[in-house]
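Here is a friendly walk through one fold, told in questions and answers. Have the viewer open and follow along.

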Amino acid sequence: AAARSSKPLKITRIRSDADDPGLKEHEASFIRLIERLTNGTSIEINETGTTLVFIPGMISGGRVEHDCSTQRSIGYYLEGIIPLAPFSKHPFHLILRGVTNSRDDPSVDVVKATSLPLLKRFITDENLEIKIRKRGAPPLGGGEVLFTCPVVRHVRPIQVTDCGRINEFAAQLLL
């Protein structure tokens, strides 16, 4: 939210009472990704990792490749990036490498099946896509996902008058 609103953010006492205080590897990796997708962002983390100061810059997008922490799935990263992508200066062409399916996070397939149809209700571009190039599982990862998103000048308003019913439920099992 801070990256989109351009408002500085300070978070203190991050797991300060825990045996392993501060930011986790996957959180630091996500912050590095945000830094690479923006221009002029300032991030300060204290020595123990228990305080974070985030001063957002402009969401620039562009061509970025990022190796995600294998502690979390690529879906974790996409959930935070997708809401920012349409408002970038340049179209997103983001390659994420790591775990595509894990027990703790939504898989890339779930994010693709839920977030993209929702976003497509607000924007009308054909270049919005999540493509799974390779699958990767914990603990080694090895997966690769391409996320592309155009720059959006206008967001289409919607009016929900009928929430509808669930007509179909599908599951996918990956072994």
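**A buried threonine, then the sheet and its helices**

T50 has 12% relative accessibility, so T50 counts as buried. Keep in mind that this is a predicted model.

Q: In which loop is T50 found?
A: T50, at 12% relative accessibility, counts as buried. Leaving aside neighbours within four places in sequence, T50 is in contact with I11, T12, R13, I14, S16, P21 and G22. As for its own place in the chain, T50 sits in the loop between β3 (42-45) and β4 (52-55).

Q: Does R13 count as buried or exposed?
A: R13 is found in the loop between β1 (9-11) and α2. Its phi is near 55°, a positive value in a residue other than glycine. The cut-off for exposed is over 50% relative accessible area. R13 has 59% relative accessibility, so R13 counts as exposed.

Q: What is the phi of R15 near?
A: R15 is found in the loop between β1 and α2. With 31% relative accessibility, R15 counts as partly exposed. R15 is a residue other than glycine with a positive phi, near 50°.

Q: Which strands are the edge strands of the open sheet?
A: The open sheet has 4 strands with mixed pairing, in the order β6-β7-β9-β8. An edge strand pairs on one side only, and that describes β6 (61-67) and β8 (129-134).

Q: Which residue in β7 does D67 stand opposite?
A: β6 and β7 (residues 90-98) pair in the parallel sense, over 7 bridges. Residue D67 stands opposite a residue of β7, namely R97.

Q: At about what angle to β7 does helix α3 run?
A: Two helices lie across strands of the sheet, and α2 (residues 25-37) is one of them, lying across β6 and β7 at about 155° to β6. Helix α3 (residues 74-81) lies across β6, β7, β8 and β9 (143-149), and its angle to β7 is about 160°.

Q: Why is α2 oblique to α3?
A: Two packed helices are described by the angle between their axes and the distance between the axes. For α2 and α3 the axes are 11 Å apart and the packing angle is about 45°. Angles of 65 to 115 degrees count as roughly perpendicular and angles under 35 degrees as roughly parallel. The angle of about 45° therefore makes α2 and α3 oblique.

Q: Against which elements do the buried residues of α3 pack?
A: Helix α3 is mostly covered, with 6 of its 8 residues buried. Those buried residues are I74, G75, Y76, Y77, L78 and I81. They pack against α2, β6, β7, α4 (108-120), β8 and β9.

Q: What is the omega of the peptide bond from P138 to P139 near?
A: P139 lies in the loop between β8 and β9. The peptide bond from P138 to P139 is cis, with omega near 5°.

Conventions: Residues numbered from 1 in each chain as written. Predicted model: local features only at pLDDT ≥ 70, side-chain atom pairs only at ≥ 80, totals over all residues. Heavy atoms only, no water. Pairing = 2+ DSSP bridges. Contact = heavy atoms within 4.5 Å. Axes fitted to C-alpha atoms, helices over the stretch in contact; angles between N-to-C directions. Parallel < 35°, antiparallel > 145°, perpendicular 65-115°, else oblique. Buried < 20%, exposed > 50% of the residue type's maximum accessible area, 1.4 Å probe, protein only.
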